[in-house]
Amino acid sequence: MRTLAIAAQKGGTGKTTIAAHLAVAASAKQRVVLVDTDKQGSLTAWQQDRASETPELVTVGAFELGRELQSVQGEDGLLVVDTPPQATDAIRAVIQVADLVLIPVKPSALDIRAVDTTRELAEKAGKPYLFVLSQALPRASMTAQAIDVLRTYGPVADAVLHSRVDYAASMADGRAASEIAPNGKAAGEIAVLWKQVNGMLAKQHDGKTSKKVRK
């Protein structure tokens, strides 16, 4: 299974919301397993409220994730891993087994300064990463400024996830924005983000396959 880690050292960046929404988007065409490594269990609570049995959910500690991966090794599909904030060792353990690290960032100076730790963890592990601007205010000049600054740190997602009612409403009862308002702006943002993330995961997977063939 391909593995997508949603990681950020700073809390309140929207990691759980992004993990849930990308998992729902991905599950339209493949098996998706959500992995909740955060002791707060927000992702677990969201999945338990769902009317659908997909995406699946497992709750494990970050340091047990390697064992969980072994149980699904060789299977097709995607693991989406939500990580705890302010837990460098736990985030490092998840990044070690990830194919791609998605780093949510709110458009504020404090949040942008905090991305460096997570970025360094990904770079030291040799893992590709992507920043995604989260909880941005529509038409705010700060959003464009934040994107410019983030690009000095690394690649930034094409999609900007704005502060929208559909995100909050869907997380309250086990749904995704696309299930509340399929044609809404929030659903559209997630669709754009998932297309890019899926493309990066596929490229990473193809690269691993090529290396195995050459060996």
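**Salt bridges and a buried serine**

Arg 119 and Asp 116 form a salt bridge whose closest N and O atoms are 2.5 Å apart; the term denotes a side-chain nitrogen of Lys or Arg within 4 Å of a carboxyl oxygen of Asp or Glu. The structure holds 9 such salt bridges. This is a predicted model, in which local features need pLDDT of at least 70 and side-chain atom pairs count only at pLDDT 80 or more, while totals for chains, interfaces and linings use all residues. Residues are numbered from 1 along each chain as its sequence is written, and side-chain values use heavy atoms, with hydrogens and water left out.

**The pair within helix 6**

- Both Arg 119 and Asp 116 belong to helix 6 (residues 115-124), where 3 residues, about one turn of the helix, separate them; helices (H or I, at least four residues) and strands (E, at least two) are DSSP runs numbered from the N terminus.
- Arg 119 is buried at a relative accessible area of 14%, whereas Asp 116 is partly exposed at 25%; buried means under 20% relative accessible area, exposed over 50%, and partly exposed in between (1.4 Å probe, protein chains only).

- Side chains of opposite charge can pair when their charged atoms come close.
- Lys 15 forms a salt bridge with Asp 82, with 3.4 Å between the closest N and O atoms.
- This pair connects helix 1 (residues 15-26), which holds Lys 15, to strand 4 (residues 78-82), which holds Asp 82, across 67 residues.
- Lys 15 and Asp 82 are both buried.
- In the salt bridge between Arg 50 and Glu 179, the closest N and O atoms are 3.0 Å apart.
- Because Arg 50 lies in the loop between helix 2 (42-48) and strand 3 (56-59) and Glu 179 in helix 9 (residues 177-180), the pair ties together parts 129 residues apart in sequence.
- Arg 50 counts as buried at 11% relative accessibility, while Glu 179 is partly exposed at 34%.

- Ser 170 is found in helix 8 (residues 165-172) and counts as buried because its relative accessibility is 0%.
- The side chain of Ser 170 reaches the backbone oxygen of Asp 166 at 2.9 Å, and a polar atom of that side chain lies 2.9 Å from the backbone oxygen of Tyr 167.
- Beyond its neighbours within four places in sequence, Ser 170 is in contact (heavy atoms within 4.5 Å) with residues including His 21, Trp 46 and Ile 180.

Conventions
Polar contact = N/O pair within 3.5 Å; in protein donor to acceptor, adjacent residues only side chain to side chain.
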